[in-house]
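Have a look at the model first, and then read on.

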Amino acid sequence: MTASNPFLDPAAQAHLYGDGARLAARTSALHKAKTHGRPVADVIADLAITFLPSPRQALVVDLGCGRGTSSRVLAERVRPQRLIAIDASAAMLTAARSRLETSTRVVFVQADFHQLPLPDGSCTAVVAAFCLYHAQNPRIVLKEIARTLVPGGVAVLVTKSIDSYRALDLLVAAAGLDPQAPERSSLYTAAHSGNLAELTAPVLRPVHLEHEEHRFSFSGLDHVAEYAATNPKYRLPTGVRGDAAAIAAALRTQLPDEPVHTTSTVTYLVAARREGAQ
């Protein structure tokens with residue numbers, strides 16, 4: 001599965017997150033297209049406020065913090081006593097730090113989420129949003145999360161459906177740019193909306209689960225190309241790979257330039273440390 005899924009290949013991950021440009025471009029393309037669905041970072045903050053008895057006395061970890069979107073909202077809205085933003089990528093931490101430079105409550109740590117540099121029972125809450133699908137065995141990461149939680153502590157886990165953005169896979173295939181895109185393994189195979197609860201239940205006690213459909217409307221082929229240029233799932237020809245303008249031109253030779261609609265389900269799972277866990 002690693003060979004066909006760049007999200008599970010450590011070498012590919014190092015390339016994908018070696019700087020913030022790809023993730024910023026991908027996020028921008030999706031945000032411009034989004035027509036329905038709550039801001040994920042706000043939902044995470046709402047869940048933390050709801051399920052933490054004393055949020056402002058909490059030590060909260062944002063695991064796989066990326067560019068710091070959820071870290072910033074957690075710092076601003078939850079206002080925990082301390083927030084630790086963790087990512088394996090130095091570049092992502094640099095980007096996150098620049099977005100939270102005015103906050104004195106945030107500590108930035110570069111670490112592998114399979115081995116968290118945190119003491120047992122030290123964290124009130126751990127947020128893991130859109131990162132568990134980067135682990136070949138997400139349960140190892142979930143065990144690390146459980147280890148670090150205080151009694152009564154909670155994890156807020158967020159992932160996507162395995163068929164996210166499938167309409168774009170079909171479009172790229174129909175244009176002949178990557179005919180195998182619809183059959184290739186989803187980027188979210190390891191931890192997705194359909195298996196997150198099953199992965200979590202042996203390790204943490206699920207207390208809240210919700211699924212929300214997010215809908216996207218790409219304005220035309222230029223907009224689709226902005227996304228396609230950032231998607232590591234696609235195996236595009238050398239002449240267009242990573243070049244949004246070239247991808248758009250190639251799409252226009254085969255397809256009408258009209259809006260493209262697609263969906264993704266975002267799943268939120270809140271789970272608590274089991275009583276008596278060591």
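Helices here are DSSP runs of H or I with at least four residues, strands are runs of E with at least two, and both are numbered from the N terminus. You are looking at a predicted model, in which local features need pLDDT of at least 70, side-chain atom pairs count only at pLDDT 80 or more, and totals for chains, interfaces and linings use all residues. Residues are numbered from 1 along each chain as its sequence is written, and side-chain values use heavy atoms, leaving out hydrogens and water.

| Largest | about 1300 Å³ | L23, G64, A129, F130 and Y133 |

Helices α1 and α2 each supply at least two residues of the second largest pocket's lining. In the largest pocket, α2 gives the largest share of the lining, six residues. Strands β2 (59–63), β3 (82–87) and β7 (205–218) are among the elements that each supply at least two residues there.

Now for the helix pair. The axes of α9 (residues 221–228) and α10 (residues 244–252) come within 8 Å and cross at roughly 130 degrees; the axes are lines fitted to C-alpha atoms over the stretch in contact, with angles from 0 to 180 degrees between N-to-C directions. In α9, L221, D222, V224, A225, E226 and A228 meet A244, I247, A248, L251 and R252 of α10, where contact means heavy atoms within 4.5 Å.

How values were computed:
1 Å grid on protein atoms, 1.4 Å probe; cavity = no way out; pocket = protein on both sides within 12 Å on 5 of 7 lines; lining within 4 Å. Points joined across faces, edges and corners; volume = space filled by probe spheres on them.
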